[in-house]
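Here is a short report on one protein structure. Keep the sequence and the 3D view open while you read.

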Amino acid sequence: MNTHITIIGAGLGGLTLARVLHVHGIPATVYEAEPAPTARAQGGMLDIHEHNGQPALDAAGLTEEFRGLVLEGREATRVLAPDGTVLFDDDSTRGRPEVLRGELRRILLDSLPADTVRWGHKVNGVRALGEGRHEVTFADGTTVTTNLLVGADGAWSRVRPLLSGAAPEYTGKSYVETYLYDADTRHPATAKAVGGGSLFALAPGKGIQAHRENGGTLHTYVALSRPQDWFAGIDFTDSATAAKRTAREFDGWAPELTALITDSDTPLVLRPLYALPIQHRWDRVPGVTLLGDAAHLSAPNGEGANLAMYDGAELGKALAAHPDDPETALAAYEQPLFPRSAAAAADGAELNEVLFGDNAPHSLLDMFTGSEGTH
C-alpha cells in the first residue's frame, strides 16, 4: 500500500489497527494527546470476549502475550442485596478472561516499531483539503496532511465532525470511581463481600459495582441515575465531602458495601456517561473513517474495548486486502460496522435497564439464572 495511514488516538482500538497494519507491512503513525504512555492510569479490568476482542488480538498476533496477562479467577461474579446478603455467587469461567486495561495497552505498544506513536500531539482541529486528503492541526501549531485518516480518538473525537454531526448526549447516569488498596488486610469485611471477581449491589436507579484487580486492589464504580446539575452540586475536589454525599444515597446499606465509597484510598472521580445515537452511521467520505467510541460510543456494557479492538483489526484487514484501493477497503469495513455497532449499543441499553431499572436487582438475577419474571 502506497498510502500511509494516520491514526488519531492511542487507545486499544487505534493501537490494534496500527499493529494489524504492521503485521501486513503497512506503515502507520498514531498521534496521541497524552505526553507519554504512563501519563495517566488506564482504567480497570476488561473481560476479553471470544467473539470480538480475542479474534482481534489473534489478528494482531498477540494471543500468547494476551494469555500471559490473564488474571485467573476474576470471572467470578456475585450479587449482593443492600443489606449484604448474597443473592448470587458464581465462580465459573465463561470464556471472558479478565486482564488489566493498562497491561493490554502495554503489549500493543511493545509490539509496534518505536516511532509509530507520537506522544504529546493533541489535535486542535481537522479540515478537508479535497480528494480524500485532510489536514490535522495540533495544539503546538504543527500540522500533518493525510491521505487516509482514522479517528480512534474516543467520545469527543475531533475527527468525527468530518463524517457526522452527531454529538454524545448524557445518558442520565454517572459513575463515581473509587479504589481500596490492600483490602484483604485493611478492609477485610469489604474484601470478603466483593469476593474474587465482580460484585453487583443494585437497586433501581443506583448501584455499587466493584472488581478485584491485582492482589487486594478493589476498584469500584458507584452508579447513580441523576441529572448532571445534581452532581455539579458536589465538590469532587473535596474528596471527604464528596464521599459523604455520595454514600448518603446508600443510607441503610451494609457498611462493608458503603466502605467502598467512604474509605476510598484515592480521590473520588466523577465519570458522567454519554452515548451516541444507537443507529449512528455516516455516508462514505473519501479518505477518513472512525473506530471505537468515536464511531459508536454507548453506555458501558462490557463491549466498548472489545468492539474498539475488533474495529481496529477489521479495518486493518480490509486495508491489507485492498492495498491499491483504500476507498474499497473503507467501504468494506464500514458496511458491517454500522449494524454491529447498533446491535451492541441496543444490547448495552437493555443491560443498563437490567442493572438499574425498576426491577433491579431481580432482573440481573433472572439474567444470570435464566429465569424470567419470578420476582
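The sections below go through the cores, a sheet, the aromatic rings and some backbone details of this predicted model.

## The nonpolar cores

Start inside the protein. The largest nonpolar core has 58 residues. Which members touch the most other members? They are Ile5, Ile7 and Leu104. A second core is separate and has 28 residues. Its members include Ile208, Val222, Phe236 and Ile261. In soluble globular proteins, nonpolar side chains tend to be buried together.

## A closer look at leucine 104

Leucine 104 sits in helix α4, which covers residues 101–110. Its relative accessibility is 0%. Buried means under 20%, so leucine 104 counts as buried.

What does leucine 104 touch, once residues up to four places away in sequence are set aside? The list is Leu12, Leu46, Ile48, Leu57, Phe66, Leu69, Val99 and Met309. Take Phe66 from that list. Phenylalanine 66 and leucine 104 are 38 residues apart along the chain. Their C-alpha atoms are separated by 7.0 Å.

## Histidine 211

Now move to strand β14, residues 206–212. Histidine 211 lies in this strand. Is histidine 211 buried or exposed? Its relative accessible area is 13%. That value is under the 20% limit, so histidine 211 is buried.

The side chain of histidine 211 makes a polar contact with the side chain of serine 198. The distance is 3.2 Å.

## A sheet of three strands

Next, look for an open sheet. It has 3 strands, in the order β8-β9-β10. The pairing is antiparallel. Strands β8 and β10 (143–146) are the edge strands, and each pairs on one side only. From one strand to the next, the twist averages 20°.

How many bridges join β8 to β9? There are 6, and these two strands run antiparallel. Arginine 127 stands opposite glutamate 135, a residue of β9.

## Aromatic rings

The structure holds 10 aromatic pairs. One of them joins tyrosine 175 and tyrosine 221. The ring centres are 5.2 Å apart, and the planes make an angle of 40°. This pair is tilted. Tyrosine 175 has a relative accessible area of 9%, so it is buried. Tyrosine 221 has 24% and is partly exposed.

Tryptophan 230 and phenylalanine 231 form another pair. Here the distance is 5.0 Å centre to centre, with 85° between the planes. An angle over 60 degrees counts as edge-to-face, so this pair is edge-to-face. Tryptophan 230 is partly exposed at 21% relative accessibility. Phenylalanine 231 is buried, at 3%. Elsewhere, Phe88, Phe200 and Phe368 form one aromatic cluster.

## Backbone details

Most residues other than glycine have a negative phi, and most peptide bonds are trans. A few places here are worth checking against that rule.

Glutamate 131 has a positive phi, near 55°. This residue is in the loop between β8 (123–130) and β9 (133–138). Is glutamate 131 exposed or buried? Its relative accessible area is 83%. Exposed means over 50%, so glutamate 131 is exposed.

Aspartate 182 also has a positive phi, near 50°. Its loop runs between β12 (169–180) and α5 (183–186). At 41% relative accessibility, aspartate 182 is partly exposed. Finally, find the peptide bond from alanine 360 to proline 361. This bond is cis, with omega near 0°. Proline 361 is in the loop between α12 (326–356) and α13 (362–369).

Terms used:
Residues are numbered from 1 along each chain as its sequence is written. This is a predicted model: local features need pLDDT of at least 70, side-chain atom pairs count only at pLDDT 80 or more; totals for chains, interfaces and linings use all residues. Side-chain values use heavy atoms; hydrogens and water are left out. A nonpolar core is a set of buried Ala, Val, Leu, Ile, Met, Phe, Trp, Tyr and Cys residues joined through side-chain atoms within 4.5 Å. Buried means under 20% relative accessible area, exposed over 50%, partly exposed in between (1.4 Å probe, protein chains only). Helices (H or I, at least four residues) and strands (E, at least two) are DSSP runs, numbered from the N terminus. A polar contact is a pair of N or O atoms within 3.5 Å; within protein, one must be able to donate a hydrogen and the other to accept it, and residues adjacent in sequence count only if both atoms are side-chain atoms. Contact means heavy atoms within 4.5 Å. Two strands pair if DSSP finds at least two bridges between them. Axes are lines fitted to C-alpha atoms, for helices over the stretch in contact, and angles run from 0 to 180 degrees between N-to-C directions. Rings of Phe, Tyr and Trp (its six-membered ring) pair if their centres lie within 6.5 Å; planes under 30 degrees apart count as stacked, over 60 as edge-to-face and the rest as tilted.
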